[in-house]
Amino acid sequence: MSKLFEPFKIGSMEIRNRFMRSATTSYWSDENGIVRPEIIRLYEGLSKGGVGLIVKGHTYVMDSGKAHVGMAGISGDHQVPKLRELTDVVHEHGGKIVTQLNHAGYKSIVDRAGPSEYQEGDWKGRALTVDEIHGIVDAFGEAAERTMDAEFDGVMIHGAHGYLVSQFLSRLANRRTDEYGGSLENRMRLLTEVYDEIRGRVGASFPVLIKMNCDDFSPNGFTVEDSIKVASAMAKRGMDLIEISGGGMGQVGELRRTRAKSDDPALSEANFAGHAEKIHEAINPTPMGLVNGIRTRRCMEALLEKGVTEMISMSRPFIREPDLVRNLEAGQLEATCISCDACSGRGVFSKMMLMCHQE
Ligand SMILES: Cc1cc2nc3c(=O)[nH]c(=O)nc-3n(C[C@H](O)[C@H](O)[C@H](O)COP(=O)(O)O)c2cc1C
Ligand code: SF4
């Protein structure tokens with residue numbers, strides 16, 4: 001049997017195979033951040049389709065950290081009952097589900113506040129005070145407790161894509177001169193405080209995961225050398241899985257296309273496999289998930305066989321084919337998603353329920 005369909009354990013969580021649905025917002029929650037029935041049906045489809053571990057799309061931990069219209073929230077108890085319905089349908093079909101906790105920082109649509117004053121295109125942010133940072137750390141902890149109330153199997157910190165945690169990690173956005181800025185140790189203080197707060201509230205055996213960048217792909221951003229240090233520090237602290245992604249802040253396309261790739265041609269479609277190989281070595285034995293560009297069964301199997309990652313993570317392929325895992329198991333050779341990004345384009349994002357827009 002292919003390793004892809006072998007079960008795997010992340011901390012105390014048993015997963016039926018090596019497939020992970022990377023966090024993907026359905027951008028269709030109501031104005032109070034409560035998930036709508038269409039979203040619950042989407043998650044039911046993913047679990048029926050065989051995905052082992054589903055990461056729910058990002059959820060805001062406090063109202064001021066909301067990234068876009070239609071984003072789900074976990075900032076108050078009123079959002080919990082519908083989230084519990086969502087986890088119930090996933091469990092009914094044998095899947096496991098964690099939610100992704102996020103604060104958008106200067107990308108918030110409510111209060112554009114991040115580590116320092118910052119401007120990138122349309123995004124202009126003010127600097128958070130130390131008291132506000134402490135309040136955000138608390139909010140992550142409270143949200144993590146709500147994930148237990150909603151019967152998620154674990155929780156993921158969104159540390160990637162230029163949102164608040166990744167803003168603090170990046171020299172590009174973080175120019176603070178206090179204990180939250182400057183050295184890498186200081187820039188990762190927000191992340192370690194968030195992790196410690198969550199761990200203190202959920203206990204030692206509840207899985208805590210992170211999605212983080214291997215690289216910002218920007219001239220003065222977070223580099224793979226930074227990423228190796230942060231990932232290994234978080235692994236030592238007790239993080240149960242590290243999912244590797246990249247980009248989202250000041251990124252330059254050319255850097256992104258070239259510098260994170262593996263030299264191994266069998267891994268060429270996995271855009272961050274080269275960086276992931278280095279990070280994996282540093283975090284061993286903490287398991288890894290790898291996302292971005294993975295489409296063929298051949299590459300998925302090579303990633304597992306070569307020990308680059310333990311979990312194969314995908315987002316867009318599952319938008320088009322919620323039953324992709326079953327299809328691969330039945331012999332399909334690759335995902336049919338063509339990565340055209342029509343499902344996240346301006347005309348549809350936050351305006352209708354997430355779906356594939358290709359025939
Ligand atoms: C519609 C859409 C929504 C997304 N929402 C999130 C999200 O909530 N959190 C997150 O970390 N990444 C999000 N992403 C990024 C994906 O998780 C993933 O990292 C990216 O699409 C690359 O993986 P892929 O090539 O398998 O699609 C989203 C991507 C898309 C297309
Ligand atoms: S719209 Fe394009 S990127 Fe999105 S799921 Fe469909 S084929 Fe994939």
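In the predicted model, Tyr 27 lies in the loop that links β3 (19–24) to α1 (37–48). Although Tyr 27 is not a glycine, its phi is positive, at about 40 degrees. Tyr 27 counts as buried because it has 22 C-beta neighbours inside 10 Å, the threshold being 20 or more. A positive phi of about 70 degrees is also found at Asp 341, likewise not a glycine. Asp 341 is placed in the segment after α12 (324–329) and is exposed, with 9 other C-beta atoms within 10 Å.

The largest nonpolar core comprises 104 residues, of which Phe 140, Ile 242 and Leu 290 touch the most other members. The greatest contribution to this core, 7 residues, comes from helix α3 (residues 130–149). When residues up to four places away in sequence are not counted, the contacts of Phe 140 are Val 61, Leu 101, Val 194, Glu 197 and Ile 198.

Helices α7 (residues 224–237) and α9 (residues 273–283) pack with their axes 8 Å apart and at an angle of about 30 degrees. The crossing of α7 past α9 is right-handed. On the α7 side, the contact involves Val 224, Ser 227, Ile 228, Ala 231, Ser 232 and Ala 235, which meet His 275, Lys 278, Ile 279, Ala 282 and Ile 283 of α9. By class, the residues of this contact are 7 nonpolar, 3 polar and 1 charged. The loop between α9 and β13 (288–290) contains Pro 285, and the peptide bond from Asn 284 to Pro 285 is cis, with omega near 10 degrees.

Note on methods. Residues numbered from 1 in each chain as written. Chains lettered and ligands numbered in written order. Predicted model: local features only at pLDDT ≥ 70, side-chain atom pairs only at ≥ 80, totals over all residues. Core = buried A, V, L, I, M, F, W, Y, C linked by C-beta atoms within 7 Å. Buried ≥ 20, exposed ≤ 12 C-beta atoms within 10 Å, placed from the backbone. Helix = DSSP H or I, 4+ residues; strand = E, 2+ residues; numbered from the N terminus. Contact = placed C-beta atoms within 7 Å. Axes fitted to C-alpha atoms, helices over the stretch in contact; angles between N-to-C directions. Left-handed = near helix turned anticlockwise from the far one by under 90°. Nonpolar A, V, L, I, M, F, W, Y, C, P; charged D, E, K, R; others polar.
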